[in-house]
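Please read the report below with the sequence and the three-dimensional view at hand.

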Amino acid sequence: MVFNSLEFALFLPIVYLIYSSIYRCESLRDIFLLIASYIFYMSWYWQYAGLIALSTLVDYAIGKKMHNSECPRRRKLLIIISLTFNLGLLAVFKYFNFFADLSRQSLSWFGIDIPPIYHQLLLPVGISFYTFQTLSYTLDIYRRELKPEKNLTKFAVFVAFFPQLVAGPIVRAKDFLPQINSVPPPTYNNLNKGLTLVFIGLFKKIVIADLLAFLAIDSIFNNPNEYSSWDLLMGLYAYAFQIYCDFSGYSDIAIGVALMLGFHLPINFNRPYIAQSPSDFWRRWHISLSTWLRDYLYISLGGNRGKKWHTSRNLILTMLLGGLWHGAATNFILWGAYHGLLLMIFKPFSTTSTSYQTRYLRIALMFHLSLFGWLLFRVTDMQNFIDFISGVSKLTSGTQLGELFYLILAGTILWHFLPAEKTREQISNTLQSLPTPIKAGTYAGLLLAFIGLSLMEPSFIYFQF
Amino acid sequence: MLKSTLLFPISILAMLLAIEFGLELRHYLKGYTPLFFAPFVNAKQAYNQENTPASTKTRGPTPDFPFESPIQRGKKSEDELRIWVASASHAIVGADPGSRFPDLLCDQISLSHNPPCSVLNNSKIGIDLNYSIDNIQRLAHHYQPDVIVLYQMSIDIIQMSHHSMANDNNEQHNNTQTQSHSIIDLSPIQKLIEHTSAYGHLREYVSGSIAIQAPLLDQLPSKEIEQYRAKLLRFIEATRNAGATPVLTTFAPSHQIKNQDDMPYYTKLTLMRYQQTLSVKGWLNTIKTLNQTIHEISKEQSVDLIDIEQSMSGQAHNYLDFVHFNIEGHRAAAKVMATGLKNIVAANNTRKAS
């Protein structure tokens, strides 16, 4: 069930009410959270609940054995098993068809024809997220940065916790398991803050991301030849904010729902388009994934400890795999490689500037560099990319896009780029501190607006990862 | 703690119910039967029906006479002309019973010629061509119509546009499972919400006004048109199997492509309320294409055709919105159809005589 659905609107209050009544009894609370999380996951495709359960059991067992073993070879073997199992799941469900097809095409260039080998297995929702989550657990144990969780139920809750199960943020065991063990209470304050975050997330997703997609983006990218260069550029700008608002909106809802239950999830986005450099961008965009890649891939490859070309190699490899994580398609790999290249090129320069003029120049440059990356991310194939680029290069003017589109885009850009942290905080605090009847009226009105706008029905972008 | 946390969501729910009640009260005072008031209105109607002897009921639908027409009692006489109208809301909305175009058909036919004439108005709000065909297959043998006139298209166009949008979405999400499946069937709750006045308003004023600004399709894909063609052929076959003469009609929209910009904003909103795939131009283009299809089938299958589009298309003063007639529109439609039906009946009689 998606967050902006009738099912979730019924699911969440029921879960919250029951949880609020039983949270003091630790074992009951854990079992209830686990059942609720599995019900949430099974609403997608119930058969794959077995997969997440298997992943949980395997990594739980490996974590325990690894911690209890002093033999380095045995520990290494166990971590290899965990990596093979989790990455193997990804390989089978997510990448098998892509690489099988790539291999077949490559062999055909040499005149070797093999029959197509595909499977019809559906991609389990959230597999990229929960496999990385369980991997972080076993890797931290291997590095002796974490002790294994003794209670299987608590560990299973860590893996399957429904607010962040299908699209993040990816939580680390060392941050989340202590919370599960400390029984955080669902206070009224947390309910208030959490609901505010949920509504902010729904606003970003429904009012900004979905509307921009409906009003222009989908049509522009599906039929680039029918639009002027100006409209194509506007579509690309809009897509940058669609994907940001879609994903950060989902993260806000996930963080808000978790907060309602008393749990604190890490923030996943921090106004990424005010980044002044590629490394600054990756400290602000999908923070939980970029830190995961840094800690478990980049550093494991050697990080920046070797020669310059080692560092460059590690950067490109990390971002290439980061791109591949997003999906089994060439454009995601190219997107990842592109960002790896940017990181490599900009590495010698400082990441931020204190000078007023250069700061805004850097922000503008980085934003437009990321735009090109989003073009690679969004296009459906090479022809789509060529059509888009050639359309832009014609430098034709004129627009088919309506006023509402421009209003939403301009408003979003202003809100994102203007230095108005205090205003943002004030709005959030004001919403939370309204008297209950006025707050209820505001939220009721917002709910109706969201329902009205949801009748166009696109889905969350990052669900396909 | 539980009390204070419960107060907040209960307040939101209370607000939503208050808004819904306010909207429904407004609708009820305007003469509609909205959701909360439906049980009372239905109970009142049921009481009236129970207390009205069956023999005094003059108009269907009843359990024994499932038509929106004066009840036909006794057997059909030999020289009677019985006309079955297969339509949807077009044949019901916009006028009181007795003033709708099916009811006026016999009077119009009788103006210059006087066969005993009766009408079976097999129309219902929201039904499509498949539903009409099923009814013909089930009931026509019993009621023995001479002619079955097909006059409905808008629900089928709306279904085709939804189908086309659903296909696009499925293609985008081919290998992923972003469509979730409820463990519990929530469709009754979904239907209940869709019947609320708030939902109707949101659909019309919020999503409708946004849809107008979106780059919608200017034409339905040809595979949808092909499916409609197949449905028309099924209608013709079902009618002939029932021993009646099929009559096709073209669809007359309130505006033509050349004066689409004259369509009032509210009319565009109601169009967008029902579907958000086709633009106004797309809607009119689709009707044009479907009318062309009807002309082609009429020739191929030697089926009689009444070209209502030629006589009534673009006459916005005859319409309540983008499809439904007002009282003047019903009268005008009745005249056009009656003229067409007279010619068809005369031609049939000539064929029988020869």
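Is Trp285(A) buried or exposed? Trp285(A) is buried, with a relative accessible area of 0%, in what should be read throughout as a predicted model.

## Aromatic pairs

Over all chains, the structure holds 65 aromatic pairs. One of them brings together Phe281(A) and Trp285(A), whose rings are stacked, with 5.8 Å from centre to centre and an angle of 10° between the planes. That angle falls under the 30 degrees below which planes count as stacked. Phe281(A) is itself buried, at a relative accessible area of 1%, and Trp285(A), as stated above, is buried at 0%.

An edge-to-face arrangement is found in chain B, where the ring centres of Phe65(B) and Tyr143(B) are 6.1 Å apart and the planes stand at 80°, so the pair is classed as edge-to-face. Phe65(B) belongs to the loop between α2 (38–50) and β1 (81–87) of chain B, while Tyr143(B) belongs to helix α4 (residues 129–143) of that chain, so the pair ties together parts that are 78 residues apart in sequence. Phe65(B) counts as buried at 4% relative accessibility, and Tyr143(B) also counts as buried, at 10%. A ring in chain A has a charged neighbour: Lys94(A) lies over the face of Trp325(A), 5.4 Å from the ring centre.

## The disulfide of chain B

How many disulfides are there over all chains? The count comes to 1 disulfide over all chains, and this disulfide joins Cys106(B) to Cys117(B), with a distance of 2.2 Å from S to S. The torsion about the S-S bond is about -70°, so the disulfide between Cys106(B) and Cys117(B) is left-handed. The pair links distant parts of the chain, with Cys106(B) in helix α3 (residues 101–110) of chain B and Cys117(B) in strand β2 (residues 117–123) of chain B, 11 residues apart.

The two partners can also be described by their accessibility: Cys106(B) is buried, with a relative accessible area of 11%, whereas Cys117(B) is partly exposed, with a relative accessible area of 21%. In chain A, Cys25(A) counts as partly exposed at 37% relative accessibility, while Cys245(A) counts as buried at 2%.

## Ser69(B) and its polar contacts

Ser69(B) lies in the loop between α2 and β1 of chain B, and this residue is buried, with a relative accessible area of 1%. What does the side chain of Ser69(B) reach at 3.2 Å? At that distance the side chain of Ser69(B) reaches the backbone oxygen of Val119(B).

When neighbours within four places in sequence are left aside, Ser69(B) is in contact with Thr58(B), Arg59(B), Gly60(B), Val119(B), Leu120(B) and Asn121(B).

## Chain B as a whole

Chain B contains 12 helices and 5 strands, and 47% of its 354 residues count as buried. Among contacts in chain B with a separation of 6 or more, residues 24 or more positions apart account for 78%. The accessible surface of chain B comes to about 17,900 Å², and 54% of this surface belongs to carbon and sulfur atoms.

Not counting residues up to four places away in sequence, Thr311(A) touches Tyr298(A), Gly303(A), Asn304(A), Gly306(A) and Lys347(A).

Ala160(A) has its place in helix α6 (residues 152–160) of chain A and is buried, with a relative accessible area of 1%. Leaving aside neighbours within four places in sequence, Ala160(A) is in contact with Ser37(A), Tyr38(A), Ile52(A) and Leu165(A). The C-alpha atoms of Ala160(A) and Ile35(A) are separated by 9.5 Å, although these residues are 125 residues apart along the chain.

Technical notes: Residues are numbered from 1 along each chain as its sequence is written. Chains are lettered from A and ligands numbered from 1 in the order in which they are written. This is a predicted model: local features need pLDDT of at least 70, side-chain atom pairs count only at pLDDT 80 or more; totals for chains, interfaces and linings use all residues. Side-chain values use heavy atoms; hydrogens and water are left out. Rings of Phe, Tyr and Trp (its six-membered ring) pair if their centres lie within 6.5 Å; planes under 30 degrees apart count as stacked, over 60 as edge-to-face and the rest as tilted. Buried means under 20% relative accessible area, exposed over 50%, partly exposed in between (1.4 Å probe, protein chains only). Helices (H or I, at least four residues) and strands (E, at least two) are DSSP runs, numbered from the N terminus. A charge sits over a ring if NZ of Lys or CZ of Arg is within 6 Å of the ring centre and within 35 degrees of the ring normal. A polar contact is a pair of N or O atoms within 3.5 Å; within protein, one must be able to donate a hydrogen and the other to accept it, and residues adjacent in sequence count only if both atoms are side-chain atoms. Contact means heavy atoms within 4.5 Å. A disulfide is a pair of cysteine sulfur atoms within 2.5 Å. Accessible areas come from the Shrake-Rupley method with a 1.4 Å probe; for residues, only the protein chains shown count as cover.
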